[in-house]
Amino acid sequence: MSHPHPELRLPPKLPQGGLRVTPLGGLGEIGRNMTVFEYDGRLLIVDCGVLFPEEEQPGIDLILPDFSSIRDRLDDIEGIVLTHGHEDHIGGVPFLLREKPDIPLIGSKLTLALIEAKLQEHRIRPYTLEVKEGHRERIGPFECEFVAVNHSIPDALAVAIRTPAGMVVHTGDFKMDQLPLDGRLTDLHAFARLSEEGIDLLLSDSTNAEVPGFVPPERDISNVLRQVFANASKRIIVASFASHVHRIQQILDTAHEYGRRVAFVGRSMVRNMGIARDLGYLKVPPGLVVDVKTLDDLPEHEIVLVCTGSQGEPMAALSRMANRDHQIRIVQGDTVILASSLIPGNENAVYRVINGLTRWGAKVVHKGNAKVHVSGHASAGELLYFYNICKPRNLMPVHGEWRHLRANAELGALTGVPHDRIVIAEDGVVVDLIDGKARISGKVQAGYVYVDGLSVGDVGEPTLKDRKILGDEGIISVFVVLDTSTGKITGGPHIQARGSGIDDSAFSDVLPRVVEVLERSAQDGVVEPHQMQQLIRRTLGKWVSDTYRRRPMILPVVVEV
């Protein structure tokens with residue numbers, strides 16, 4: 001199995017007749033999925049998603065793929081194929097289209113509707129091409145065939161990309177639920193047909209490669225939901241992804257069965273469910289869904305709220321309810337259902353929300369204590385079955401952390417894919433398909449691009465490091481007025497601490513030392529403000545470290561008069 005090496009350099013020019021595959025996100029992480037295909041100087045992008053921040057990225061709203069490797073080639077992009085409508089696959093599209101708004105978007109009806117609604121907020125009217133399973137479309141030199149796959153959102157597609165260099169199949173996110181709620185199966189017949197033609201490179205979802213067996217069918221959840229509804233005496237609050245149409249359909253059906261009304265909470269939830277209902281993907285009995293403003297007129301045992309926040313996102317509705325920062329107040333006897341699995345890295349945030357809800361008296365039902373969610377990704381048994389159907393000549397695991405990618409590669413090897421034809425890559429690692437063999441040829445920049453409010457890419461690792469120091473250790477500010485003609489201190493030093501746990505009065509012990517250092521520096525003729533600031537920082541920093549074993553951020557200000 002080939003794997004990336006830290007010494008990889010920029011790849012050479014793609015040889016004539018070769019196909020280049022460059023993942024810019026989604027490998028080594030769950031989210032930010034984006035893959036660039038290149039043939040004959042033209043580019044095709046599959047997905048462009050976002051990654052949600054973790055605790056060590058304070059203040060960050062979203063994390064984008066790094067577009068720098070394709071920024072000077074935007075005119076070469078033939079289109080963006082969107083496999084389905086989850087944020088980790090479409091959330092980055094508005095940021096790429098800001099740079100070139102006329103890049104065509106290709107996807108299924110629901111996927112395009114979700115991204116078009118998102119783009120309206122960015123005032124972008126995209127060029128779109130609606131496709132469905134069985135369709136073939138020539139997009140520049142790429143002939144794309146779309147295949148139905150089952151996932152936790154309707155209308156998900158895999159894509160087979162044909163070029164003279166060979167055929168590549170990208171599964172997108174998929175599983176093989178044999179009893180799907182919408183009756184739309186993963187089209188194994190189509191994959192078998194592609195296998196007979198010859199799949200030269202398979203890019204396969206790795207998220208559940210470590211999980212043995214098969215994913216249970218979605219419909220198994222319905223009986224568990226009935227039990228929860230039957231035992232709930234007051235309000236039921238359900239947290240789910242804003243695009244999980246299948247799960248919301250089950251909630252609606254159960255609420256209707258138990259005589260409850262449903263209100264959607266949160267802008268993205270209201271928007272997406274409205275789209276799904278208008279397009280016929282969400283079946284809503286008349287009178288079942290009501291406006292959240294009318295809930296005061298209903299008894300508590302007739303209310304179901306559906307909101308976002310199942311991953312512990314700090315600004316989502318459920319987190320704000322847990323923190324008493326939302327108009328909906330959790331009370332004793334409420335039942336909260338977390339209808340999703342934990343995305344790796346979000347565990348602490350989710351359990352913090354569960355603890356907050358429990359503190360206010362809610363009964364919290366989650367995957368850890370009830371079967372209220374099944375995954376949307378194929379487990380190991382399904383992947384083995386899938387590889388035996390597809391028989392790929394080369395395999396490249398995608399969509400997963402390192403442990404998932406490795407586990408998926410092992411599954412491929414078990415089904416007969418030669419070890420030297422299994423490519424384990426990471427974001428930015430370039431893989432070329434030449435003469436029927438996939439091999440790593442180099443690496444391009446593919447770091448994190450942070451969205452912080454209206455700022456995109458302006459916040460980097462140094463800023464995040466400063467934020468972590470501020471959050472962990474606090475800040476000490478020092479203000480000094482310096483007479484540059486005499487080198488004398490005419491004001492200060494004034495020292496204030498915030499968030500450091502050190503009382504301002506404690507600095508009386510170190511003030512004489514700071515003054516002494518500054519006066520000695522002035523006597524030596526060193527009165528340049530930056531040098532004085534460094535002296536203050538070193539002197540005060542050593543004192544704080546020796547006295548308190550802390551390392552707060554020290555911000556000296558020297559004013560010249």
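This is a predicted model: local features need pLDDT of at least 70, side-chain atom pairs count only at pLDDT 80 or more; totals for chains, interfaces and linings use all residues.
Student: How much of the protein chain counts as buried, and what box do its C-alpha atoms fill?

Tutor: Of the 561 residues of the protein chain, 56% count as buried. Taken along the principal axes, the box filled by the C-alpha atoms is roughly 85 × 70 × 45 Å. The secondary structure of the chain comes to 14 helices and 25 strands, where helices (H or I, at least four residues) and strands (E, at least two) are DSSP runs numbered from the N terminus.

Student: What does the side chain of E38 meet in a salt bridge?

Tutor: Side chains of opposite charge can pair when their charged atoms come close. A salt bridge is a side-chain nitrogen of Lys or Arg within 4 Å of a carboxyl oxygen of Asp or Glu. The side chain of E38 meets that of R73, at 3.3 Å from N to O. This pair links distant parts of the chain, since E38 is in strand β2 and R73 in the loop between β4 (62-64) and β5 (77-81), 35 residues apart. R73 counts as partly exposed because its relative accessibility is 22%.

Student: Where do R226 and E257 lie, and what does their pair tie together?

Tutor: The side chains of R226 and E257 meet in a salt bridge of 3.1 Å, N to O. R226 lies in helix α5 (residues 221-231) and E257 in helix α6 (residues 245-257), so the pair ties together parts that are 31 residues apart in sequence. R226, at 31% relative accessibility, counts as partly exposed, and E257 is partly exposed as well, with a relative accessible area of 46%. Elsewhere, salt bridges that share partners join R136, R138, E143, E145, R162, R193 and E197 into one network.

Student: How many salt bridges does the structure hold, and are R32 and E29 buried or exposed?

Tutor: The structure holds 31 salt bridges. One joins R32 to E29, with the closest N and O atoms 3.0 Å apart, and both R32 and E29 are buried.

Student: Which residues form a nonpolar patch on the surface?

Tutor: Patch residues have over 30% relative accessible area and no salt bridge, with like charges joined within 9 Å and nonpolar side chains (Val, Leu, Ile, Met, Phe, Trp, Tyr) within 5 Å; accessible areas come from the Shrake-Rupley method with a 1.4 Å probe, and for residues only the protein chains shown count as cover. Here the patch is formed by F479, L555, V557, V559 and V561, which together have about 380 Å² of accessible area. Strand β25 (residues 553-560) gives the most to this patch, with three residues. L555 lies in that strand, and its 42% relative accessibility is why L555 counts as partly exposed.

Student: Where is the place of P552?

Tutor: P552 is in the loop between α14 (529-548) and β25, and at 11% relative accessibility P552 counts as buried. The C-alpha atoms of P552 and P216 are separated by 50 Å, and these residues stand 336 residues apart along the chain.

Conventions
Residues are numbered from 1 along each chain as its sequence is written. Side-chain values use heavy atoms; hydrogens and water are left out. Buried means under 20% relative accessible area, exposed over 50%, partly exposed in between (1.4 Å probe, protein chains only).
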